[in-house]
Protein chains: 2
Amino acid sequence: MTPPAATAAPAARTPAGQAREKILATAFRLFYAQGLRAAGIDTIIAESGVAKATFYKYFPAKDDLILAYLEKVDGVWTGQLHAAAEAAGPDPAAQLVGLFDALASACRRDGYRGCAFINAAAESASGTRIHERTVAHKEHTRAWIRGLADQAGVPDPDQLARSLTLLLDGGLASGVLDADPAAATAARNTAAQLVSASLGRNTDHAAS
Amino acid sequence: MTPPAATAAPAARTPAGQAREKILATAFRLFYAQGLRAAGIDTIIAESGVAKATFYKYFPAKDDLILAYLEKVDGVWTGQLHAAAEAAGPDPAAQLVGLFDALASACRRDGYRGCAFINAAAESASGTRIHERTVAHKEHTRAWIRGLADQAGVPDPDQLARSLTLLLDGGLASGVLDADPAAATAARNTAAQLVSASLGRNTDHAAS
DNA sequence: ACGCTACCAGACAGATCTGTCTACGGCAAG
DNA sequence: CTTGCCGTAGACAGATCTGTCTGGTAGCGT
């Protein structure tokens, strides 16, 4: 008999079209901090402050949100990598070493938990879109590094890119365990040594 | 009024005391192939061919099974690492390079999906037993490598151990993406170069 | 023969998670 | 003003997952 309830609060509205960004920002935070499976849709919706229907309008399934998350991570991380490289100056060889500063910066950030892509791949079966997206990201990164190595004029850019990628991934992977800045420093030093050696100079401990 | 059912099949029994091993073997396979959260208790129980009560007798909670799984992984992987090192002969410097053959072998194995510890850490929050166990494993490995570097008489065993650990973790981390043997080969070559350089000799591309 | 222990089978409870659906309110363009 | 779109609120279905409980069976030592 009583009317449905009288609708208590007017409900703070999200400005039209911004709901998607709010959801994505929350997902970015929760997916990275807790993992893909551990972060539930309900939590993301609640912390975004949007309605469930709004969420499913923009992201028909959880996987779609995960893909959008990885896209965003790619943009952010690639940007940091490029910025760190450019901060080292115009010399490609210096950039190959300087990009490792992005790793050190990441280590120092609060809540650092390693590479979002590696973590995502660890939770997804191979063949899934999530897995493929991760592989694509890693290939882009290696191609970029190879390009720098090429510009630096090393005899075997492929091999140097491989080595540096291994160091970078190693540093990122160990980041999921402890955000030890020593690992980042060691990665940078080792990279400097490898780049010097590739250029035919003496190894850096002799050059210092 | 009717009796409960007459108990159709006699049910193939597991010899007493072996149920635990069967469960652990199944968990080893499923946890590694699918991930910690993706592999459900029910599936593990069904594929082990044991009863639910038996399972919970040996592993009161899923986390206990995960810890036992990590313990087993530690034993297996550490064994492979040591075996690969010893196969390289008595020279510690050669062992430091030879241990990377374990990585190449792992890459070639069917169903290879990178480092079980890194994958586990990616799914578990820091501070949990699972996370701690992973950190302990990585520290043991690095300590062992540092010991070899020490025996080899390099000037800075700590730094070399750091570098080699980064390469190893990088190779393992990229294994979750694609089991590319080229990454393992590159890791080994780079390790050889770093070891040579640490010993004060020329880098290996000059020595070959 | 008896009892103890280790096992099997599977129902069940309770939580959680994804995704759908209904109902309603505000805002802007026509 | 009315119509349609975008948003909120939240109930609901259905699946899945962890962990408990009951009841019965096989084998072994005594």
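Reply: Ala, Val, Leu, Ile, Met, Phe, Trp, Tyr, Cys and Pro count as nonpolar, Asp, Glu, Lys and Arg as charged, and the others, Gly among them, as polar. By this division, the lining of the largest pocket has 13 nonpolar, three polar and four charged residues. The model is predicted: local features need pLDDT of at least 70 and side-chain atom pairs pLDDT 80 or more, whereas totals for chains, interfaces and linings use all residues. Residues are numbered from 1 along each chain as its sequence is written, chains are lettered from A and ligands numbered from 1 in the order in which they are written, and side-chain values use heavy atoms, without hydrogens and water.

The largest pocket holds about 460 Å³ of space (a pocket is an open set of points on a 1 Å grid over the protein atoms alone, where a 1.4 Å probe fits, with protein on both sides within 12 Å along at least five of seven lines; lining residues have an atom within 4 Å of a point). Its lining numbers 20 residues, and A:F28, A:Y32, A:R109, A:Y112 and A:G114 are the closest to the centre of the pocket. In chain A, α1 (19-34), α4 (62-87) and α7 (116-123) each contribute at least two residues to this lining (helices are DSSP runs of H or I, at least four residues, numbered from the N terminus). The largest share, five residues, belongs to α4(A). The largest pocket lies between domain 1 (15-60) and domain 2 (65-207) of chain A, because both give residues to its lining.

The second largest pocket, with about 340 Å³ of space, is lined by 15 residues, of which B:F28, B:Y32, B:Q80, B:R109 and B:G114 come closest to its centre. Two or more lining residues come from each of α1 (19-34) and α4 (62-87) of chain B, and α4(B) gives the most, four residues. This lining divides into ten nonpolar, three polar and two charged residues.

Technical notes. Points joined across faces, edges and corners; volume = space filled by probe spheres on them. Domains from an automatic or database assignment.
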